[in-house]
Amino acid sequence: MNEVFPLAKKYGALVIGLTLDEEGLPKTAEKRLEIAKKIVKEARKHCIEKKNIIIDCLTLTASAQQDQALETLRGIKLIKEELAIKTVLGISNISYGLPNRELVNQVFLIQAIQNGLDSAIVNSGDKNLMNALLVNNVLLGTDNNAKAYITHFSEGSNNVVEKVNDLSYAVHKGLKVTAAEITADLLKQHQPLEIVNDILIPRLNKVGQEYEERKIYLPQLIQAAEAAKASFSVINKALSVFKEVKRDKIVLATVEGDIHDIGKNIVKILLENYSYDVIDLGKDVSPDEILKECKKHNIRLLGLSALMTSTVESMERTISLIREEMPCVKIMVGGAVLTEQYAKEIDADYYSKDAQGAVKIAKSIFK
């Protein structure tokens, strides 16, 4: 706490405090409350208000420690009543090792909300869980006049059949299996590139626009990209369309010393869905290896990722080597520690804050 709280205060960040101490996870709700009080007390010393603290009571799996489910729920209730503080909880651990985990998660989440839980970490792709939440909000009165519930279950009720058979809709909703099945049917009457250019690319552009406008968020963006990928896979298998059509190649790599590649992987998925041939070199890749692959494939665009401050130097060395050996290659960079200004300082051509930005950069180069 002495290390984290000064940083939280300096940057105005929220703090998530776990009810966990040197002795491990407490077995009683009262002990969880005691730890929460300690967190609040220490935070106050650093001038961090209670409104900026969120407490996680943690939960163990009911299959091994059944009594602990109740203690977690009691802990949430005690903390809400005595500290009047926000709470968060990861739900899925409760069902680990049990059959029909989705049902266990649903019931536990509803019970947690009824005991005062403010926010939850859940699988937003679990439709039954999300539907249960809508019902719960109606019954608790937090969904005024059941507006959200009615809108959700009435939306598109008159054109369900049309939507089920709509590839654009399947991609937008992240329905991988459905997207693949619809694509297979479309290939019976349409040319592969017609499906790509008239349906997939416009829908991905629309998804990207909604992401930028904060109408959807990263999970939905990834789900849509995965659904589009499933569609592309069917096209590729059926007619080998991408073997017949020359695709622009892009090399992606996480620089030497950096082992984080989640962001790069998301960029790869999106670029592939826009028909680019992505050569992913993985993580912790040396400048020499990146140069070698760029020469091998005669690359025009290179994407470099770094998540740690300590590895930005590796990115700079890589850029310097590429500039010396392949001056015509365009370089885009991204990662949590980078900014547009810093990208210019290390001589990158482009900075992208997210995957959609990388797609725009690629489009501007491969016109």
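The side chains of Asp118 and Lys80 meet in a salt bridge, 2.8 Å from N to O. By salt bridge I mean a side-chain nitrogen of Lys or Arg within 4 Å of a carboxyl oxygen of Asp or Glu. Asp118 lies in the loop between helix H4 (101-114) and strand E4 (119-121), and Lys80 lies in helix H3, so the pair ties together parts that are 38 residues apart in sequence. Helices (H or I, at least four residues) and strands (E, at least two) are DSSP runs, numbered from the N terminus.

Before I go on, a word on the model. It is predicted: local features need pLDDT of at least 70, side-chain atom pairs count only at pLDDT 80 or more, and totals for chains, interfaces and linings use all residues. Residues are numbered from 1 along each chain as its sequence is written, and side-chain values use heavy atoms, with hydrogens and water left out.

Back to the first pair. The cut-offs are under 20% relative accessible area for buried and over 50% for exposed, with partly exposed in between (1.4 Å probe, protein chains only).

How many salt bridges does the structure hold? There are 16. In general, side chains of opposite charge can pair when their charged atoms come close.

Another of these bridges joins Lys37 and Glu82, whose closest N and O atoms are 3.3 Å apart. This pair links distant parts of the chain, with Lys37 in helix H2 (residues 29-45) and Glu82 in helix H3, 45 residues apart. Lys37 is partly exposed, at 39% relative accessible area, and Glu82 is partly exposed too, at 46%.

The next one is between Arg317 and Glu256, again with the closest N and O atoms 3.3 Å apart. Arg317 is in helix H15 (residues 312-325) and Glu256 is in the loop between strand E5 (249-254) and helix H13 (262-273), so the bridge ties together parts that are 61 residues apart in sequence. Arg317 has a relative accessible area of 39% and is partly exposed; Glu256, at 30%, is partly exposed as well. There is also a network of salt bridges, which links Asp21, Lys31 and Glu34.

Now a buried residue. Thr19 sits in the loop between strand E1 (15-18) and H2, and its relative accessibility is 0%, so Thr19 counts as buried. What does Thr19 touch? Not counting residues up to four places away in sequence, its contacts include Leu25, Pro26, Arg32, Ile35, Ile55 and Ile79. Contact here means heavy atoms within 4.5 Å. Cys57 is also on that list, and its backbone oxygen lies 3.3 Å from a polar atom of the Thr19 side chain.

Next, the second largest pocket. It holds about 500 Å³ of space. A pocket, on a 1 Å grid over the protein atoms alone, is an open set of points where a 1.4 Å probe fits, with protein on both sides within 12 Å along at least five of seven lines; lining residues have an atom within 4 Å of a point. This pocket has 27 lining residues, and the closest to its centre are Gly263, Lys264, Val267, Gly334 and Gly335. Which element gives the most to the lining? That is H13, with five residues. Other elements that give two or more residues include helix H11 (218-239), strand E7 (301-305), strand E8 (330-334) and helix H17 (355-365). By class, the lining has 16 nonpolar, seven polar and four charged residues. In this scheme Ala, Val, Leu, Ile, Met, Phe, Trp, Tyr, Cys and Pro are nonpolar, Asp, Glu, Lys and Arg are charged, and the others, Gly among them, are polar.

H17 also deserves a slide. Eight of its 11 residues are buried, so H17 is mostly covered. Among the buried ones are Ala355, Gln356, Gly357 and Ile365. The N-terminal end of H17 is capped by Asp354, with a side-chain oxygen 3.3 Å from the backbone nitrogen of Gln356.

Last, two backbone angles. Ala84 is not a glycine, yet its phi is positive, near 50°. Ala84 is in the loop between helix H3 (67-83) and strand E3 (86-90) and is exposed, at 61% relative accessible area. Asp347, also not a glycine, has a positive phi of about 75°. Asp347 is in the loop between helix H16 (340-345) and strand E9 (350-351), and at 43% relative accessibility it is partly exposed.

Key. Grid points are joined across faces, edges and corners, and a volume is the space filled by probe spheres set on the points. A polar contact is a pair of N or O atoms within 3.5 Å; within protein, one must be able to donate a hydrogen and the other to accept it, and residues adjacent in sequence count only if both atoms are side-chain atoms.
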